[in-house]
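Here's a short report for anyone meeting this structure for the first time. Have a look at it, then read on.

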Amino acid sequence: MRQTDMTAVRHRTARRGTSARDGAADGATGTPGPVRARGGRLRSWQAGLRRGGIELRHLLRNRKEFVSYLSNVVIALMVASFIHDDLPGTHIPAAHLTIAGFAAYLLFQVGLINLPQILVTERDEGTLLRLRATPGGIPAYLVAKSVLIVIMAMGIITLLLGAAALLVDGPLPHSPGDWLTLLWVIALGLLAVVPLGTAIGALLPNAREALAMIMLPAMTLLVTSGAMFPIGRLPVVVQDVASVFPLRWMAQGMRSALLPNAAQAAEPSGSWQLPTVALVLTGWAVVGFLLAVPLLRRTTRRESGSRLTERQSKARMSGALAM
């Protein structure tokens, strides 16, 4: 028999032996493959929930980071306290529109500004590289980040609306239907921006440049999406561009939940357009998931010790030059 044929036979024999050993092991433990896979997914969820709780406790104990989130609520209340006009064609305080817009923007900020910064910072610290060597590490990491972002978002919205109602006579939902609208707008809004934030975090080069690259587009959308003042006052071209992005519809959904129906007179269409709100946010959620999963996998696959060392060396050099 030729040498190549003998080599092929040895490879096939080795593969059969490996399969047989795996089957024997499964039989010995009495655990079928699919059951073990389900057990692995369950362990990933459990590990992710535990990790999310730990990260939330760290956030609450980190005074500087915690104060930075509270400062956004303080800014929203200060801006609302200086607005004394009514919405055009109504007797509804314009400050109520501002509070509703800030609520939408804070959700937007958590998903599209804070989350990418967290991902890039932890990538530069080597967290993603360590997760590669941990069974179920990446799924558990994603579960933990989802838990952290959802609790952060709900806490910020609760604090903003509660403080606004107490301090500046801010708006609250008027009926069970309005509360339900508030909940699904928050849920769909997070589904729309969190996957996008994950995709952006996978693309950003380093933590030092992350904030600078994100803030200008985010602030532009804040001004052009009707979060601060009625969008009908903006040029039609600006309205059309803003309508492509999720913040414009998140703000409109928030207004529908927090403001009385008379406020629809200040909307460009004269109505809340809740089906359109749901459709646009769902579309962005689908696009975000389609982008986030492959980008995060690619980033994780490309992580290596040499890449991490190179980024950390550049960061140290940049810090030295800045000093």
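## How H7 and H10 cross

Let's start with a pair of helices: H7 passes H10 in a left-handed crossing. To find them, look for residues 176–203, which make up helix H7, and residues 246–258, which make up helix H10. This is a predicted model, and in it the two axes come within 8 Å and cross at roughly 165°. Angles over 145 degrees count as roughly antiparallel, and H7 and H10 are therefore roughly antiparallel to each other.

## Who touches whom

So which residues make the contact? On the H7 side you'll find Asp178, Thr181, Leu182, Val185, Ile186, Gly189, Ala192 and Val193. H10 brings Pro246, Met250, Gly253, Met254, Ser256 and Ala257.

## The chain as a whole

The protein chain has 323 residues, and 41% of them count as buried. If you take the contacts with a separation of 6 or more, 76% are between residues 24 or more positions apart in the protein chain.

What about the surface? The protein chain's accessible surface comes to about 17400 Å². Carbon and sulfur atoms account for 66% of that area.

Technical notes
Residues are numbered from 1 along each chain as its sequence is written. This is a predicted model: local features need pLDDT of at least 70, side-chain atom pairs count only at pLDDT 80 or more; totals for chains, interfaces and linings use all residues. Side-chain values use heavy atoms; hydrogens and water are left out. Buried means under 20% relative accessible area, exposed over 50%, partly exposed in between (1.4 Å probe, protein chains only). Contact means heavy atoms within 4.5 Å. Accessible areas come from the Shrake-Rupley method with a 1.4 Å probe; for residues, only the protein chains shown count as cover. Axes are lines fitted to C-alpha atoms, for helices over the stretch in contact, and angles run from 0 to 180 degrees between N-to-C directions. Helices (H or I, at least four residues) and strands (E, at least two) are DSSP runs, numbered from the N terminus. Angles under 35 degrees count as roughly parallel, over 145 as roughly antiparallel, 65 to 115 as roughly perpendicular and the rest as oblique. A crossing is left-handed if the near helix is turned anticlockwise from the far one by less than a right angle, and right-handed if clockwise.
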